[in-house]
Amino acid sequence: MSSYEQQAWADLQEHWRKKAERRALPPAVRQATGAASHKIGDTASSARNFVSSKTPTALKNAGDAAVDLTLEPTVKAVVGLLDWVTETVQQFSEPESVLAFHRDKGRPVSTLTDLQALDLEALDSFTKGSVWKWRSTGLVEGGAIGALTFIPVGGSIAAIGLDLVVMHALTTAVATQAAYAYGIDPTTDAGQEHVNRMLRKAWAAQAPKAGTVKSAKNAFVMGRGRVNWSQRFRSDHRIAAAVEKLLKQVNPGQHVPIQKVVTKMPYVGAVTSAGVNSTVLASMAKNSIHYSRTMYLARKHGLALPASLT
């Protein structure tokens with residue numbers, strides 16, 4: 001084991017120790033997390049479809065739905081986004097980009113097995129900058145789909161479902177590329193479990209986002225055309241009431257017109273989607289890389305995995 005790998009293994013041990021400590025949640029929180037994981041289990045296990053398929057059918061169907069649902073000015077943008085996602089998933093569903101990277105560096109590799117013979121430092125050079133790249137991707141995708149939700153007639157709540165489809169594909173791509181980067185084949189049974197372990201965490205993190213965006217959308221629709229506030233509206237649309245309260249804190253003593261709040265709802269949806277998706281993809285990239293690095297070193301040098309990973 002090189003000195004670089006020795007330091008990396010020590011850092012990874014500390015990383016997993018801290019994560020294990022953070023998992024010591026109160027019982028109620030643990031139960032809620034377990035329930036969320038159970039609900040997303042079937043969805044996460046369908047990663048095989050994205051990993052093995054050259055053109056994910058789910059994305060094709062989502063693209064057709066987008067064309068039917070969106071207004072003409074939005075169609076090209078949405079379909080372009082979906083095409084980009086499909087191309088990204090296709091590219092990351094094959095190890096060739098990883099192998100080509102190392103060949104360009106003068107490393108004689110032709111299979112994933114060859115990668116396992118390289119030093120960790122060489123493999124890390126491929127994933128350098130991945131977290132920042134995926135964080136930026138999440139901002140763009142989340143903002144676009146979040147804004148689409150509020151387009152009259154076209155976006156509707158269907159955009160929330162579209163966002164989940166896109167994020168499922170992207171998180172699968174993140175985990176798949178991280179596995180390939182460290183010589184792990186995600187198309188095998190063991191590789192599938194490797195990818196699904198990461199996906200379950202990513203899907204659980206997105207649950208609050210859909211509720212917030214949907215609430216903002218409902219407040220936007222029901223608030224259009226209203227002139228006066230009512231207690232019933234505040235009770236039914238608490239996200240609008242929260243924005244009203246925030247604006248009153250910024251401008252103490254001033255009345256906040258309902259339309260001023262309603263027009264802020266699309267921004268709430270877009271910012272929420274962008275922020276959550278950015279965080280999810282960046283976290284997915286970081287955790288997938290840590291996990292893949294750990295599995296690589298443990299397998300290469302016959303080391304025992306951290307207790308939290310067994």
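Student: Which residues lie nearest the centre of the second largest pocket?

Tutor: Ile184, Ala190, Gly191, Met295 and Arg299 lie nearest its centre, among eleven lining residues. Keep in mind that this is a predicted model, where local features need pLDDT of at least 70, side-chain atom pairs count only at pLDDT 80 or more, and totals for chains, interfaces and linings use all residues. Residues are numbered from 1 along each chain as its sequence is written, and side-chain values use heavy atoms, with hydrogens and water left out.

Student: What makes a space a pocket, and what makes a residue part of its lining?

Tutor: Take a 1 Å grid over the protein atoms alone. A cavity is a set of points where a 1.4 Å probe fits but cannot get out. A pocket is an open set, with protein on both sides within 12 Å along at least five of seven lines. Lining residues have an atom within 4 Å of a point.

Student: What is the volume of the second largest pocket?

Tutor: About 160 Å³. Volume here is the space filled by probe spheres set on the grid points, which are joined across faces, edges and corners.

Student: Which helix gives the most to the lining of the second largest pocket?

Tutor: Helix 11, with four residues. Helix 11 (189-223) and helix 15 (265-301) each supply at least two. Helices are DSSP runs of H or I with at least four residues, strands are E runs of at least two, and both are numbered from the N terminus. The protein chain has 15 helices and zero strands.

Student: How many lining residues of the second largest pocket fall in each class?

Tutor: Four are nonpolar, four polar and three charged. Ala, Val, Leu, Ile, Met, Phe, Trp, Tyr, Cys and Pro count as nonpolar, Asp, Glu, Lys and Arg as charged, and the others, Gly among them, as polar.

Student: Why is serine 288 called buried?

Tutor: Buried means under 20% relative accessible area, exposed means over 50%, and partly exposed is in between (1.4 Å probe, protein chains only). Serine 288 has 1%, so it is buried. Its place is in helix 15.

Student: Why does alanine 100 count as partly exposed?

Tutor: Alanine 100 has 25% relative accessibility, so it counts as partly exposed. Alanine 100 sits in helix 6 (residues 96-104).

Student: Which residues does serine 288 touch?

Tutor: Val174, Ala175, Ala178 and Met198, leaving aside residues up to four places away in sequence. Contact means heavy atoms within 4.5 Å. Serine 288 and alanine 178 are 110 residues apart in sequence, but their C-alpha atoms are 5.9 Å apart in space.

Student: Why is helix 8 described as largely enclosed?

Tutor: Six of its eight residues (120-127) are buried, so the rest of the structure largely encloses helix 8. The buried ones are Leu120, Ala122, Leu123, Asp124, Phe126 and Thr127.

Student: Why is threonine 127 on that list of buried residues?

Tutor: Threonine 127 has a relative accessible area of 9%, so it is buried. Threonine 127 touches Ala181, Tyr182 and Ile289, not counting residues up to four places away in sequence.

Student: What joins the side chains of threonine 127 and tyrosine 182?

Tutor: A polar contact of 3.0 Å. The term means a pair of N or O atoms within 3.5 Å; within protein, one must be able to donate a hydrogen and the other to accept it, and residues adjacent in sequence count only if both atoms are side-chain atoms.

Student: What caps the N-terminal end of helix 8?

Tutor: Aspartate 119 does, with a side-chain oxygen 2.9 Å from the backbone nitrogen of glutamate 121. After helix 8 comes glycine 129, whose phi is positive, near 90°.
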